[in-house]
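Hello,

Here is the structure for you to look over.

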Amino acid sequence: MLLHFFVWFCLLAVAHSWTQEFESPSVLKSMPESLDADLQDLLNSLSQQEVKKPTKIAIIGGGIAGVSIAYKLRGRESKTWSPQVTLFEQDSRLGGRIHSISRSDANPDLIEAGAATFDWDDLCVARLFREAGVVLIDPQDRETGDNPQTRSISLYDGHNIVGRKLSGPQTWTHAAKKVWQNRGSVWFWRHLLVRVVAIGWGEWYSYTWSEIVSTAANYAASAVSPWEDEVTRFATRFGLSVKPQISARWGNERALRRLALLSQATVRLNSTVTHITIHDERTFDVAWSTATDDGGSEEPHTDNFDAVIIAASLSQTGITITPELQTPPEPVEYTPLHITHFTSMRNLDPTAFNLSATERVPDEIWNLNLQSNHDESPSTTPPFLTLARTTFDWRLGCEIHSGNVFRVTSMAPLTDDDIARLFNFTDPGKVTFPHQNCDLHVTDSYAERGRRYPRVGGPSVFLDDMDHEGWFLRNWECTPAPRVRWVHRQVWANGVPVVTKADTEEDLVTYGVVGYGDMMRERRRESMKLAPGLFYVSGIEASNGASLGESVRMGAEVVSLLSCG
């Protein structure tokens with residue numbers, strides 16, 4: 001007891017001596033003076049370092065990346081910074097890979113002949129469109145909410161429909177569809193039980209039970225699916241997503257034009273940038289030429305900018321940079337993509353996919369057998385990558401009829417013979433096309449041949465119990481209701497970037513969830529910085545592919561860097 005009292009007495013004495021020494025006038029006088037001097041030096045150094053933000057900014061490329069950058073820069077405008085943005089686009093329209101067209105020459109309804117949709121849970125793109133007052137819809141023209149419909153993708157191996165891939169929101173309905181699809185698999189139930197326990201034990205405080213069960217069902221279904229790896233490789237190669245998709249009502253291209261208008265940027269269409277000169281004072285001379293209506297080009301123009309953002313493929317634009325960059329970006333290779341749309345009152349022939357005559361062709365099909373995309377044998381299904389069907393309503397007098405819009409993506413052109421085989425696999429010659437329509441304005445062509453223009457009458461052509469197509473073709477050399485009503489073909493020479501260094505699950509395991517996100521952010525920033533004030537948005541397409549969401553995120557990174565000066 002006495003020993004403890006002695007120890008405490010010594011400690012108190014030492015503490016008291018330290019307090020007296022610290023509170024001495026000399027110490028109290030010297031410490032504040034030294035702290036004030038250091039703080040004053042720091043403030044002086046910061047005031048001398050003027051943070052210069054670029055005021056005059058050039059954006060090369062009028063796709064969603066370039067337009068979103070212009071729009072977000074407008075949102076960063078303040079009393080101390082008012083960026084002046086000039087947007088260069090070599091085509092006569094904004095959009096890049098986004099291109100909205102009318103469903104037919106006389107129909108105002110729009111379809112997407114380019115980049116059509118984006119993931120329903122991609123908040124970056126959804127927020128961008130909603131800020132501009134754009135309504136988002138699903139492929140069936142329904143306005144989207146927080147929980148979209150479950151998406152069902154049928155998997156085709158070149159001969160048969162071998163399975164389905166379901167994806168959707170984390171709801172009880174989606175979980176029930178997953179469970180019902182795999183109800184006969186014992187391994188599915190084992191994986192489901194393990195995943196429910198694992199997720200519920202670790203994330204019970206942040207997830208609802210519907211989210212826990214739905215997430216576990218997704219994991220379990222992927223574990224027992226023999227086509228999961230094939231689907232992942234296929235989606236990565238062609239920049240596809242299995243998630244439910246949404247798009248802008250009245251067309252993505254119109255939404256892009258609205259964003260460009262709200263950005264108040266100076267838009268220069270038909271303007272091809274040819275050269276960029278980098279000056280020592282970190283300014284840039286941008287040279288471009290403007291196409292004229294007669295197909296020629298005006299004298300080259302040159303203007304000076306504080307920052308330049310290249311929002312297009314550098315290897316495809318042909319832009320030269322002086323002086324040469326020390327570390328030029330790696331060129332990105334692209335695969336041509338053919339997108340074909342056609343409409344019909346009828347559905348496709350089930351026998352074209354080895355289905356029975358009573359079965360219905362699925363609304364969305366992915367062809368996992370890429371070799372069949374190059375098979376030109378007439379006895380096989382026509383080559384395609386993806387095939388999707390949506391519906392539309394149209395009025396004929398007092399009657400409302402339903403029609404189908406088919407969208408086919410392929411690596412090779414989809415010919416009329418290919419389309420005919422989709423509708424009548426055994427006898428494609430019976431399928432009629434728009435050029436055989438009696439309602440076309442072909443009076444002049446008939447007059448040149450000395451023939452009378454046919455005036456079609458008689459019974460309704462929409463009845464299925466009579467061969468009206470064949471009768472009219474035999475008697476009038478035309479038909480009032482061709483099987484294929486309208487066809488549109490779009491070719492994108494730079495449609496799909498070739499992914500050469502895709503991220504793997506090992507990266508996620510190595511860096512962790514948070515570290516993986518930081519790694520991706522740093523990779524984006526490194527790929528886009530060509531020089532101080534010179535940025536390149538499309539450099540990451542070789543590893544992440546091309547998507548609307550990725551383009552918007554890359555644009556947001558550039559805006560963040562410019563705002564920091």
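Buried means under 20% relative accessible area, exposed over 50%, and partly exposed in between, with a 1.4 Å probe on protein chains only. Helices (H or I, at least four residues) and strands (E, at least two) are DSSP runs, numbered from the N terminus. This is a predicted model: local features need pLDDT of at least 70, side-chain atom pairs count only at pLDDT 80 or more, and totals for chains, interfaces and linings use all residues. Residues are numbered from 1 along each chain as its sequence is written, and side-chain values use heavy atoms, without hydrogens or water.

Start with helix H8, residues 228-237. Its buried residues are Glu-228, Val-231, Phe-234 and Ala-235. They fall within an arc of 130° seen down the axis of H8, so they line one face of the helix. The arc is taken from the directions from the helix axis to the C-beta atoms. Gly-239 follows H8 and has a positive phi, near 65°.

Now the rings. Those of Phe, Tyr and Trp (its six-membered ring) pair if their centres lie within 6.5 Å; planes under 30 degrees apart are stacked, over 60 edge-to-face, the rest tilted. The count by this rule is 12 aromatic pairs. Phe-118 and Phe-129 pair edge-to-face, 5.8 Å centre to centre with 75° between the planes. This pair links distant parts of the chain: Phe-118 is in strand E5 (residues 118-119) and Phe-129 in helix H4 (residues 123-131), 11 residues apart. Phe-118 is buried at 3% relative accessibility, and Phe-129 is buried at 1%. Phe-88, Trp-288 and Phe-305 form one aromatic cluster.

Best wishes
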